[in-house]
Amino acid sequence: MMSEFENNKEKLFTFLERFRESGVLNHINGENIEADSQQSFENISPIDLKKICEVSRSGLSDVNLAVLSAKNAFSEWSLFPGQERKKILHNIATSIEERAHEIALIESFDTGQSLRFMSKAALRGAANFRYFADQAPYGRDGESTFTDSQTNMTMRFPIGPVGIITPWNTPFMLSTWKIAPALASGCTIVHKPAEFSPLTAKILVEIAEDAGLPKGVWNTVNGYGEEAGKLLTEHPDIKAISFVGESATGSMIMKQGANTLKRVHFELGGKNAVVVFEDADLERAADAVVFMIYSLNGERCTSSSRLLVQESIREKFVEMVKQRAEKIVVGHPLDPNTTVGPLIHPIHEEKVKNYFEIGKNEGATLLTGGSVEGPGGGPYIAPTIFTNVSKNMRIAKEEIFGPVLVVLPFESETEALDIVNDSEYGLAGYLWTQNVTRAFQFSQSMEAGMIWVNSENIRHLPTPFGGIKSSGIGRDGGDWSFDFYMETKNISFATTEHKIPKLGA
Ligand code: NAD
């Protein structure tokens, strides 16, 4: 009988055929369209670095066409009844669920992320659509406030066509996270997926139209960030940019969007601390630390990449983490036994490996991990731990975005807090202690947008997701998403014949 792994590979082969034949074309106004220049670039799989297919390389005329399509569709979609939008978004969720295995296989092959995580990510994509589908009928809701002579009605309206620019780390899930609330709000969109991982974005827009989304509401343009992405951020008819990616890119987008006063929502990088006190449940803490740094190949914005451990338990706890790390299976991402697959691309591997050299030159000790051989010859990195790290080292300050953990010991709460907050980033933080008072106080003093106490990152969609400092601007989730994709308007009614100042009368 065929193993699950062999079965996965065979199914993937069938699913990929269409991309191998026609490449990844743009999707504008319901049509598959080549880039106007007919230029394309190669998309490779990180597993074997072999070409999967060609991808359209969009320029000005393509971005203009996509934006025009989104602009034309806006007048209809923005007025669609909320209940209708709700129905369509639920239909999209159902189709994602039906095609979850296909999406997960393709995503694994395109990104190198192991199937065990991509299967869940595909279903989370469906859950994102369901959550925002249910909110859609209430997006316009506001509040009424009263004075003796006026009644104020506050309401929201979709802001207009928006640009959505996504990265390569979990491209399918992250795209749904942005696109679902935009559509629920009544915005139309132009999506620019990451050039390293364009496949599932194409499937997603097709699913949406098959599920009843009117043509032109959702347009996808492929291409390089500095070309297609930049043009999108500069376009006057795009009213807001929702961006997930590196902090440096966020800064560029802010500049690019300045002339058109673009509203921006940024989810950027992180160098997140997990703080383990001596009174913590060490077994659970070790499981969570290992999960949060080595799942998704460590290519995870909320990864717990800085382990702060109290000196009294340092040796014991580091050993617990090391033992787990060394048992993690590094391998082919479609193999159900694999946890860590290849990094996205040799360019990214170069960056991660460079930090190995930087760390050693700074005097840190490579306790375990480093580059390893893997099936297909892609850029595989084993779960890595650096010890003898101090807070001013570059490996302790900069986002490595790979399966690399740095260990920073501390003696006191004050010292721990100083290390946590001595960072340009502030996305997430994790805290392990059984002392309620300490948990309450310390979590409030940690400079980050999201803190989990005695837990790994568990996303709850009604809660705000986002970072402070260089980790982002704005929040996703709950009503925060609607605030971004909608304009707020106040209408004030006079309810009495109040006295109007008479000037010149
Ligand atoms: P990136 O910034 O290089 O690219 C992200 C996207 O931006 C891509 O689609 C790219 O083509 C586009 N882009 C690049 N230059 C552009 C420009 N000048 N104008 C417009 N678009 C441009 O990021 P990446 O390497 O793809 O992703 C990894 C980064 O994303 C990490 O820093 C990670 O922390 C971050 N990330 C953050 C979150 C979060 O929620 N905070 C989630 C996932 C990833």
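Colleague: Where does the ligand lie relative to domain 1 and domain 2?

Modeller: Look at which parts of the chain supply the shell. Domain 1 (4–268 + 471–489) and domain 2 (273–453) both give residues to the shell around the ligand, so the ligand lies between them. Keep in mind that this is a predicted model.

Colleague: How many residues surround the ligand, and which are the closest?

Modeller: A residue counts if one of its heavy atoms lies within 4 Å. Here 29 residues surround the ligand. The closest are Lys-192, Glu-195, Thr-249, Leu-268 and Glu-399.

Colleague: How does that shell divide into nonpolar, polar and charged residues?

Modeller: There are 15 nonpolar residues, eight polar and six charged.

Colleague: Which polar side-chain atoms lie within reach of an oxygen atom of the ligand?

Modeller: For a polar contact, look for N or O pairs within 3.5 Å. Glu-399 has a polar side-chain atom 2.6 Å from a ligand oxygen. For Trp-168, a polar side-chain atom lies 3.0 Å from an oxygen of the ligand.

Colleague: How much of the ligand's accessible area does the protein cover?

Modeller: On its own, the ligand has 850 Å² of accessible area, and the protein covers 94% of that. The space the ligand takes is the largest pocket.

Colleague: Which elements give two or more residues to the shell?

Modeller: Helix 8 (225–234), strand 10 (240–244) and helix 9 (247–256) do. Helix 9 gives the largest share, four residues.

Key:
Residues are numbered from 1 along each chain as its sequence is written. This is a predicted model: local features need pLDDT of at least 70, side-chain atom pairs count only at pLDDT 80 or more; totals for chains, interfaces and linings use all residues. Side-chain values use heavy atoms; hydrogens and water are left out. A polar contact is a pair of N or O atoms within 3.5 Å; within protein, one must be able to donate a hydrogen and the other to accept it, and residues adjacent in sequence count only if both atoms are side-chain atoms. Accessible areas come from the Shrake-Rupley method with a 1.4 Å probe; for residues, only the protein chains shown count as cover. On a 1 Å grid over the protein atoms alone, a cavity is a set of points where a 1.4 Å probe fits but cannot get out, and a pocket is an open set with protein on both sides within 12 Å along at least five of seven lines; lining residues have an atom within 4 Å of a point. A molecule sits in a cavity or pocket if more than half of its atoms lie within 2 Å of its grid points. Ala, Val, Leu, Ile, Met, Phe, Trp, Tyr, Cys and Pro count as nonpolar, Asp, Glu, Lys and Arg as charged, and the others, Gly among them, as polar. Domain bounds come from an automatic or database domain assignment.
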